[in-house]
Every structure is written in C-alpha cells, then in structure tokens.
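This report describes one protein chain for a reader who is new to structural analysis. Please keep the sequence and the model in view while reading.

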Amino acid sequence: METKIQNLKELYEKDFYLWVQENLRLLKNKEYDLVDWENLLEEIEDMGQRYLDSAISFMAVILEHLYKWENFRDREDVGHNWKKSINNARNELDVIFERHPSVRKKSAEELPTAWRIAVKRLVRWFEEDENHYLAKKYFGRLPTEKDFPQECPYTFEQVMEYKPWVEEFTQQEPKEPEKNKSESKRKGFKGLEP
C-alpha cells in the first residue's frame, strides 16, 4: 500500500492528468486510504484560489484604467481603450461572480491587493517610452509606487460600476444638431410663439 501511494505521488509530478484520473478512480471505488491526499487537498485549494486570483487581476485592470482616466488624460481623444478594458474586465468579473458568488465577497476584501497590482502597472506604464512626456508632465520624473495613494482611492462598488466618462458626457451642454440650426435660420425662428 505504501508503494502505491508513493507511486501516485510521483505520478503527480510526471503526468498530472493521469494522476487526476487515478485519484478519481480511487475515490469512486472508495479506496480512500490509497488517495494522494496531500496533493489532492492542495489542488482543491488552488482551484478555488484561481477564481479569486482572476478576480483580483480584473479588478487591478479596472483600478489602473479608472485612475488613468481621472488623472492622466491630457487630451479628450485619450482613454477610449481604457474604457473598453474596464468594460471587458467588468464583464469577466460578472461571469466569475455569477458562477461563483462567494468569490464576490472575498474579492471585495482583496481590493487593497488589486490596488497594489494596479500601482505597479501604473509605474511600468510611465516607464514606456511613449509615456515619458506624461511622467514629466505629471511628476517631473518617472514615478515610483510612493507617488500613488497608499490606500485604494476607489470602493469595490466603484470598481464594479463607476463610469466617470458617463458623468463627463452628461455634464456637457447638449449641442443643437446642425440640421435643426439651419432649419431654424431658414424659418426665421426667434423663439417659442406665445
């Protein structure tokens, strides 16, 4: 029996798929004493962690791009890819949270971790050649992690829903379409009739 268990543990390193199949067969046959419990428990723990790690990564993308949008947009034509990235990451989070509801609560607790990852990404973004002018403009040099807030400046709800570009859009004064302007001029429009 000891040899079978040792062989199974070696199989874990050599052929993971076969290791899974063999442990599954043992569990179905209720041969619990032959199962490679040490590695099996570790794999089960890792399975759950994968979903949380994915959620943290998507939150970091959202945080990075929200922060860029609010702090480093030096022109109106900048940031469209950030919006797409935020929306895509939110879509992925929706799928994870729908399939694994308990990951949502744990993800909210991991917001500081996601922010630390976002800050590292921001620092690297400024290190890219095409962003050196932004680093000079906003920091006078290449920034470090110390140049960004230590605490996450967004709540979990903002990660999931905040859209500063929509607020900017709704605050702009509506423009009268060109067609209406020309029609108004042709008709000699001066205002509403009493």
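In which helix do Glu22 and Arg25 both lie, and how many residues apart are they? Both residues belong to helix 2 (residues 16-28), where they are 3 residues apart, about one turn of the helix.

## Basis of the report

The model is predicted, so local features need pLDDT of at least 70 and side-chain atom pairs count only at pLDDT 80 or more, while totals for chains, interfaces and linings use all residues. Residues are numbered from 1 along each chain as its sequence is written, and side-chain values use heavy atoms, with hydrogens and water left out.

## Overall architecture

The chain contains 10 helices and 0 strands. Helices (H or I, at least four residues) and strands (E, at least two) are DSSP runs, numbered from the N terminus. Along the sequence, the pattern is α-α-α-α-α-α-α-α-α-α.

Of the 194 residues in the chain, 32% are buried. Buried means under 20% relative accessible area, exposed means over 50%, and partly exposed lies in between (1.4 Å probe, protein chains only). Accessible areas come from the Shrake-Rupley method with a 1.4 Å probe, and for residues only the protein chains shown count as cover.

## The nonpolar core

In soluble globular proteins, nonpolar side chains tend to be buried together. A nonpolar core is a set of buried Ala, Val, Leu, Ile, Met, Phe, Trp, Tyr and Cys residues joined through side-chain atoms within 4.5 Å. The largest such core in this model has 38 residues, and Leu63, Phe97 and Phe148 touch the most other members. At least two residues of this core come from each of helix 3, helix 4 (80-99), helix 6 (111-127), helix 7 (132-139) and helix 8 (156-161). Helix 3 supplies the largest share of this core, 11 residues.

## Salt bridges

The structure holds 11 salt bridges. A salt bridge is a side-chain nitrogen of Lys or Arg within 4 Å of a carboxyl oxygen of Asp or Glu. One of them joins Glu22 to Arg25, with the closest N and O atoms 2.3 Å apart. Glu22 is partly exposed because its relative accessible area is 24%, and Arg25 is also partly exposed, at 37% relative accessibility. Arg25 forms a salt bridge with Glu31 as well, where the closest N and O atoms are 3.6 Å apart. Glu31 is partly exposed, with a relative accessible area of 26%.

Another salt bridge pairs Glu38 with Lys9, the closest N and O atoms being 3.3 Å apart. This pair links distant parts of the chain, since Glu38 is in helix 3 and Lys9 is in helix 1 (residues 2-14), 29 residues apart. The C-alpha atoms of Glu38 and Lys9 are separated by 8.8 Å. Glu38 counts as exposed because its relative accessible area is 53%, whereas Lys9, with 28%, is partly exposed.

## The loop between helix 2 and helix 3

Lys30 is located in the loop between helix 2 and helix 3. Although Lys30 is not a glycine, it has a positive phi of about 60°. Lys30 is exposed because its relative accessible area is 60%.

Val35 lies in the loop between helix 2 and helix 3. Is Val35 buried or exposed? Val35 is buried because its relative accessible area is 4%. The C-alpha atoms of Val35 and Leu8 are 8.0 Å apart, although 27 residues separate the two along the chain.

## Surface patches

Patches are made of residues with over 30% relative accessible area and no salt bridge; like charges are joined within 9 Å, and nonpolar side chains (Val, Leu, Ile, Met, Phe, Trp, Tyr) within 5 Å. Lys and Arg count as positive and Asp and Glu as negative, while His and the chain ends are not counted. The place of a charge is taken as NZ of Lys, CZ of Arg, CG of Asp or CD of Glu.

Which residues gather in a patch of negative charge on the surface? They are Glu42, Glu45, Asp46 and Asp53. Glu42 lies in helix 3 (residues 37-71), and it counts as partly exposed because its relative accessibility is 38%.

A nonpolar surface patch of about 510 Å² is made by Tyr32, Trp37, Leu41, Ile44 and Met47. Leu41 lies in helix 3. Leu41 is exposed because its relative accessible area is 51%.
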